[in-house]
Amino acid sequence: MDSNKEHLLENGNLKGTSSNEEEVHHGMTDRRLSSSPLQNKSFPTLLPFSVQNGKVRKVLINFQVVLLGTKLSVLLPTIPLSFVAVYCGFGKAWVFSMSLLGLTLLAERVSFLTEQVSYYTGPTVGGLLNATFGNATELIIAISALSQNKLQLLKYSLLGSVLSNLLLVLGTSLFCGGLANLRSEQKFERRQAHVNSLLLMLGAFCHMLPMLLPYAGDSTVTEGQTLELSRALCIIMLLSYATYLFFQLWTHRTFFESLEESNDDEDDDVAVVAFWSGFVWLFVVTITTAWLSEYVVGTIEDASKSWGLSVSFLSLILVPILGNAAEHAGSIIFALKNKLDISLGISLGSATQILMFVVPSCVVVAWIMGINMDINFNLIETVSLALAVITTSIALQDGTSHYVKGLVLILCYIVIGICFFIFETPMDDNETKRMNMHRRPKPWMKE
């Protein structure tokens, strides 16, 4: 606590102390809690005694807190190495690897900075910030894929994030939590999980219809009809997600209060980054994330050929696992502490946000950009999504957990991983070439 106060004094800000503790807790949401377990309690000092300039000192403290204040700071060198690999002409597989590891760190830092800003804003703006930046990495990768018209890659990465959170993250959390609490039954707030499950079922329902439309009797279904249906369903999903935020933050906050009560058992946290400093750093980290995301999207096919792995496997399995590594670790740590409400808030909340906010947002953005993107994820992909949602809902229906439930979810994820390791849906190369005819290629994308 003393170290936190020192950082506040250095930033010229005393907010977050006792007078604001109530506001801080009311501003918490399930997503923001995910970064806490990876935050270092003490930071390596970067302040030589000779530094007397207040502005320089403040910049060094902010750099120390934002970039070195996490256990993932060991990945920090991969960010400059990514730029070096691009401009020195290294192999694209190296560019892909360095960029993906850099995104792992940046995704966790975006979550942390969103948390810091939310300390000052209260629940309303905090909820909007989480909706905007909670899955910023996935959204930025999606926009980068849209700009290069790699729609199949985009769909795989979004689907992979949902499957990863529903089966791998939640499954590992339940499995580890069950093993750590063998002599006691783990329980969680069933109403919270039920609301998320309903939204996920609605999302799976909306994704099933465009996929089933071509099989509707003997009628001929055009691509335009599938596209129109997809856009209409995406608007419905966005409205339902906005209703979910209103439900969570205003009308039924008691359903989610267990998250705050569980976090109250920990040491009281205060903001360690000033309000405007948090916004500046959030902008810088987001721009860097966008840059690295473009590298990942532009080199994933070359990495696929170099490693002998399919693009579908890389984008569906590898990218989501590394991109959400911080969330995964946070969910597991909370489960080990017998705080399943927080683990479910992280995994189910993230899956709901991607399926009901990020995916339809990508369709709307593509619509604005003049790109015809639908939500037909093909047969195997859509069925995998629907089965994952159903399996997760069944596992959580009784409000209790044990390690067998977690093991089943993990095995389901392994089954899907094996399927896409063997099977690869062909990329729509003709459409990509047609859309890219008038696009000027980036220098680093040239052979």
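Does Y244 count as buried or exposed, and at what relative accessibility? At 5% relative accessibility, Y244 counts as buried (under 20% relative accessible area; exposed is over 50% and partly exposed in between, with a 1.4 Å probe and protein chains only). The views below come from a predicted model, where local features need pLDDT of at least 70, side-chain atom pairs count only at pLDDT 80 or more, and totals for chains, interfaces and linings use all residues. Residues are numbered from 1 along each chain as its sequence is written, and side-chain values use heavy atoms, leaving out hydrogens and water.

**View A. Y241 and Y244 pair up within helix 9.** The two tyrosines sit three residues apart in helix 9 (residues 223–251), about one turn of the helix; helices are DSSP runs of H or I, at least four residues, numbered from the N terminus. Y241 is buried, at a relative accessible area of 5%.

**View B. F83 meets Y295 edge-to-face.** Ring centres lie 5.9 Å apart and the planes are at 70°; rings of Phe, Tyr and Trp (its six-membered ring) pair if their centres lie within 6.5 Å, with planes under 30 degrees apart stacked, over 60 edge-to-face and the rest tilted. F83 belongs to helix 4 and Y295 to helix 11 (residues 275–307), 212 residues apart. Y295 is buried, with a relative accessible area of 0%. Ring pairs also bring in W291, making a cluster with F83 and Y295.

**View C. Helix 4 has a buried face.** In helix 4 (residues 78–87), T78, I79, S82, A85 and V86 are buried. Seen down the helix axis, they fall within an arc of 120°, taken from the directions from the axis to the C-beta atoms.
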